Amino acid sequence: MKKNIIFDVGEVLLSYRWQDAVKDGGFTDEDSNAVIESLFKDPIWHEGFDRGTVNEHELLSHYIKTNPCYEDLYRWFFSHPELLPVRRDRVYEYLPRLREKGYRLYILSDYSEFLSEIHFSFGGFRKYFDGEIISYRVHAVKPEPEIYRCLLDTYMLNPGECIFLDDKEANIAGANACGIDGIVITSEDKLIEVLESFLV
């Protein structure tokens with residue numbers, strides 16, 4: 001029997017407007033697409049920034065050094081992190097209902113300290129959760145087994161009683177390897193469908 005629902009944040013509890021956020025600064029579509037692609041193709045974002053071993057100042061310096069022609073755009077982007085997230089209010093309506101049903105709710109997310117404090121506060125969903133493990137705090141990222149075990153050990157959870165919701169198949173596979181069942185969330189509508197099933 002599942003008692004604990006574990007949520008990722010990116011593309012589960014929050015959506016993002018990466019390209020639009022850059023265009024808000026007056027930059028072209030071409031520049032916006034090039035810079036967003038450069039951010040996530042470079043492994044430093046996940047392996048350093050999310051892991052908590054590289055801070056936002058070091059990350060910015062790295063990107064400027066790698067692509068100096070986009071220095072102004074990178075600086076603008078890192079100066080306006082509040083423009084990135086989009087709330088999923090329909091999803092948040094289910095969180096208190098799940099708690100009333102008896103589920104305990106947890107967050108397991110790859111996120112930097114710099115962005116998480118801004119984005120989580122904007123989302124306003126933390127009040128519904130019983131605990132959270134964020135990658136930068138434990139210096140481990142999904143799908144490494146350490147981050148799943150950290151959640152299980154910290155909150156004394158039985159993996160067989162947990163279900164994990166994440167937008168990446170690799171992260172669900174990592175959870176499965178630790179004994180946690182999971183569901184790949186491909187859209188907000190898919191997530192709503194899954195949450196509805198928990199309330200039946």
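Analyst: In this predicted model, a helix is a DSSP run of H or I of at least four residues, numbered from the N terminus. Helix H10 covers residues 145–154, and the residue noted after H10 is Met156, with a positive phi near 50°.

User: What makes the phi of Met156 worth noting?

Analyst: The phi of Met156 is near 50°, a positive value in a residue other than glycine. Most residues other than glycine have a negative phi. Met156 is found in the loop between H10 and S6.

User: How is His139 classed, and why?

Analyst: His139 has a relative accessibility of 45%. Partly exposed covers values between the 20% limit for buried and the 50% limit for exposed, so His139 counts as partly exposed. His139 lies in the loop between H9 and H10, and its phi is near 55°, also a positive value in a residue other than glycine.

User: How do you know that the buried residues of H10 line one face of the helix?

Analyst: The buried residues of H10 are Ile147, Tyr148, Leu151 and Leu152. Seen down the axis of H10, they fall within an arc of 135°, so they line one face. An α-helix has 3.6 residues a turn, so residues three or four places apart point the same way. What H10's buried residues pack against includes strands S1 (4–7) and S4 (104–109), and helix H11 (169–177).

User: Where do the buried residues of H11 fall?

Analyst: Asn171, Ile172, Gly174 and Ala175 are buried in H11. Down the axis of H11 these lie within an arc of 155°, so they too line one face. Glu169 and Ala177, on the other side of H11, are exposed. The cover over the buried residues of H11 includes H10, S6 and strand S7 (181–184).

User: What makes a group of residues a nonpolar core?

Analyst: The members must be buried nonpolar residues joined through side-chain atoms within 4.5 Å. The largest such core has 52 residues, of which Phe7, Leu98, Phe125 and Leu165 touch the most other members. Helix H12 (residues 188–198) gives the most to this core, with five residues. A second core of 16 residues, including Tyr106 and Leu152, is separate.

User: Which residues lie closest to the centre of the largest pocket?

Analyst: Of its 22 lining residues, Trp45, His46, Asp50, Asp110 and Lys168 are the closest to the centre. The pocket holds about 500 Å³ of space. Helix H3 gives the most to the lining, with three residues. By class, the lining has eight nonpolar, five polar and nine charged residues.

Definitions and conventions: Residues are numbered from 1 along each chain as its sequence is written. This is a predicted model: local features need pLDDT of at least 70, side-chain atom pairs count only at pLDDT 80 or more; totals for chains, interfaces and linings use all residues. Side-chain values use heavy atoms; hydrogens and water are left out. Buried means under 20% relative accessible area, exposed over 50%, partly exposed in between (1.4 Å probe, protein chains only). Helices (H or I, at least four residues) and strands (E, at least two) are DSSP runs, numbered from the N terminus. The arc is that of the directions from the helix axis to the C-beta atoms. Contact means heavy atoms within 4.5 Å. On a 1 Å grid over the protein atoms alone, a cavity is a set of points where a 1.4 Å probe fits but cannot get out, and a pocket is an open set with protein on both sides within 12 Å along at least five of seven lines; lining residues have an atom within 4 Å of a point. Grid points are joined across faces, edges and corners, and a volume is the space filled by probe spheres set on the points. Ala, Val, Leu, Ile, Met, Phe, Trp, Tyr, Cys and Pro count as nonpolar, Asp, Glu, Lys and Arg as charged, and the others, Gly among them, as polar.
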